[in-house]
Amino acid sequence: MRPALFDRLASRPVSAILAMCGVFAGVVVGQDGLETVVGCGIPQDAYASQTASDWVTNADHVVVATPTAEAETNRENYDEGPVKYTVDRDIAFRSDDVLWSADSPRQTMGERFDMVAPGWRVYESGTRVKRTAGAAPRLETGHTYLLALRWADDAWRVLGEGAAIPFDDHVAGRGEWCGRVLSEGDVALGERFSLRSDNSLEKELWGRDEGAARAALAQSKTS
C-alpha cells in the first residue's frame, strides 16, 4: 500500500491562502458535488514548485503524461457517521514526452508509471464525492498533464501545487482542474494569475505548449 500522493505536504503561507479564497470559491466550490475547503483545498508544496528553478532543483523529471487507468487503494472504513469509507486512486500513467531530466535522477522514467491520487468519499447512502487536495489538479483519465516529478518514499510524487498543470491539447492550463474540465482562462482565475506577485513558471507557460516548457527549463538550468 503506497502513501497517498499528497500526504505530508507542507502548507503555504496563510497570506497566500487568503488571497486565493475569493477566486477559488467562484470557480469550483459547490459545483458537481466537490468536497473541498476552497477550490482544491489549501495549496501545498512537498518541495518548492513555483519557478523553473524550483523544478530543475527539486524534480527528477518533467513529463507530459496521460492517465490511462485507475484502481481504488488505501481504503479506510468508518463504523460511525454518514461516511461509509474513503479511498484513494492508484493511477497508471503513460509518459507521452520527457521534457527534462536531472543529470542524476533518483529513478529513471519509463514509458509508464503510476502514482496515488485523491479518490472518493463514499456515504452510507451510496453517494460518491470526489476528494481533492491542494496539489491540484485531481489527475483523471481522459486528460493530459504537465508534471514535475520527484522519486520519494519509493513512489513518484508531484513536487507541489505549482508542478501539476492541466495540459489537454498540449496547451498549459487547459483541461481537468479540481475534478472539473475548464478552459485555461477559467483555471487562471483559480490560480491567482491576476496577482502581480505571481511570477510562477505555471503562469509563464499558461496557454503555451511543451516547447515553451523545454525552453524555460533549459534557460533556468544554464542561468
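This is a predicted model: local features need pLDDT of at least 70, side-chain atom pairs count only at pLDDT 80 or more; totals for chains, interfaces and linings use all residues.
I started with Pro-82, which is exposed at a relative accessible area of 56% (exposed is over 50%, buried under 20%, partly exposed in between, with a 1.4 Å probe and protein chains only). Residues are numbered from 1 along each chain as its sequence is written, and side-chain values use heavy atoms, with hydrogens and water left out.

**Entry: around Pro-82**

I found Pro-82 in the loop between β3 (61-77) and β4 (83-101); strands here are DSSP runs of E with at least two residues, numbered from the N terminus. Which residues does Pro-82 touch, not counting those up to four places away in sequence? They are Tyr-123 and Glu-124, where contact means heavy atoms within 4.5 Å. I also looked up the C-alpha separation of Pro-82 and Tyr-123: it is 5.7 Å, for residues 41 apart along the chain.

**Entry: strand β5**

Next I went to β5 (residues 112-123), which is mostly covered, with nine of its twelve residues buried. It runs antiparallel to β4, and ten bridges join the two (strands pair if DSSP finds at least two bridges between them).

On to β6 (residues 128-130), which pairs with β5 in the antiparallel sense over three bridges. Arg-121 stands opposite Val-129 of β6. The hairpin of β5 and β6 has four residues between the strands, and there Gly-126 takes a positive phi near 100°.

**Entry: the core**

I then asked which residues touch the most other members of the largest nonpolar core. Among its 39 residues, they are Trp-55, Phe-113, Met-115, Leu-146, Leu-147 and Leu-149. Strand β7 (residues 145-152) gives the largest share of this core, six residues. A nonpolar core is a set of buried Ala, Val, Leu, Ile, Met, Phe, Trp, Tyr and Cys residues joined through side-chain atoms within 4.5 Å.

**Entry: Arg-157**

Last, I checked Arg-157 in strand β8 (residues 155-158). Is Arg-157 buried or exposed? Arg-157 counts as buried because its relative accessibility is 7%. Its side chain reaches the backbone oxygen of Ala-152 at 3.5 Å.

Note on methods:
A polar contact is a pair of N or O atoms within 3.5 Å; within protein, one must be able to donate a hydrogen and the other to accept it, and residues adjacent in sequence count only if both atoms are side-chain atoms.
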